[in-house]
Amino acid sequence: MADQQIRIQYLYHSGFMVETPKHILIFDYYKGPVDFGNKPIIVFCSHSHADHFDPIIFEWAKHNSDICYVLSSDIGCPRNIGQCVNLCPDSTVSIEQTEVTAFGSSDEGVSFLVSCDNKVFFHAGDLNWWHWWGENKEEQALAEKLFKAEIAKLKGHTIDVAFFPVDPRLEHYSHLGADYFIKELAPEILIPMHFAEASADVLAFAAARADCPAKIIVLTETNRTVLLF
């Protein structure tokens, strides 16, 4: 990896490993092999849903002394883990020369804005415009309000890479959140997530937005990597 490049590895679902020049960031690990390398590691978990959090992450500390955890407040820090912090929405911590601000979610937990090695990453967790077909108009309106209010808090932040849900279970509305996020916050790169095995839907989403102001990169195969910048 070139000195200033960013290496992003898709783990599965909403899980990613980001290697910067000086750090390794792991977001919402769910399953799959992880190669840690020899840099300081920061592990992020946006909330306790099983498709975003596996307690096995705490086993990594037995084999990697230079590791710390940044967790949503609904996930407890084990007593035997040295560097571990819990964040509520609208809180900030500096750890391993990395600044992390937790924003809210329109479901559970938090989303993360991470400034590391001169790049800014945003991992949405379950922050999305959850427009479900089966909900009534009042529920749909509330979901929209919660989502847009959180996006408004992010205004003014530069985002180099955003990991954001494009969930095919929402059917014709799977794109609402990502499209709004791009329009309002203009990330340089958006990487879809939260689609599990439904990769064809996400590839179609990206193909339909070839002229989008943000570069959309779709990683559909476990352990697939991409080098950026």
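Predicted model: local features only at pLDDT ≥ 70, side-chain atom pairs only at ≥ 80, totals over all residues.
Helix α2 itself runs over residues 176-185 and is mostly covered, since seven of its ten residues are buried. A residue counts as buried when its relative accessible area is under 20%. The buried residues of α2 are Leu 176, Gly 177, Ala 178, Tyr 180, Phe 181, Ile 182 and Leu 185. Just after the helix comes Ala 186, whose phi is positive, at about 50°.

Now step back to the whole protein. The protein has three helices and 14 strands. Its radius of gyration is 17 Å, close to the 17 Å that the globule rule gives for 229 residues, so the protein is as compact as a globular protein of that length. The C-alpha trace spans about 50 × 35 × 35 Å along its principal axes. Of the 229 residues, 54% are buried. If we take the contacts between residues at least 6 apart in sequence, 55% of them join residues at least 24 apart.

Next, the cysteines. A disulfide is a covalent bond between the sulfur atoms of two cysteines. How many disulfides does the model have? The count comes to one, and this disulfide joins Cys 77 to Cys 84, with an S to S distance of 2.1 Å. The pair qualifies because the cut-off for a disulfide is 2.5 Å. The torsion about the S-S bond of Cys 77 and Cys 84 is about -75°, so the disulfide is left-handed. Are its two ends buried or exposed? Cys 77 is partly exposed, with a relative accessible area of 27%, whereas Cys 84 is buried, at 18%.

Cys 88 is in no disulfide; the nearest cysteine sulfur, that of Cys 77, is 12 Å away. Cys 88 is partly exposed, with a relative accessible area of 41%. For Cys 116, the closest cysteine sulfur is in Cys 68. The distance between these two sulfurs is 10 Å, which is too far for a bond. Cys 116 is buried, with a relative accessible area of 1%.

Where is Gly 76? Gly 76 lies in the loop between β5 (67-72) and β6 (83-87). Gly 76 counts as exposed, because its relative accessibility is 53% and the cut-off for exposed is over 50%. Which residues does Gly 76 touch, leaving aside its neighbours within four places in sequence? Gly 76 is in contact with Phe 58 and Leu 71. Asn 86 is ten residues from Gly 76 along the chain, and the C-alpha atoms of the two are separated by 7.7 Å.

Definitions and conventions:
Residues numbered from 1 in each chain as written. Heavy atoms only, no water. Buried < 20%, exposed > 50% of the residue type's maximum accessible area, 1.4 Å probe, protein only. Helix = DSSP H or I, 4+ residues; strand = E, 2+ residues; numbered from the N terminus. Rg over C-alpha atoms; globule rule 2.2 N^0.38 Å. Contact = heavy atoms within 4.5 Å.
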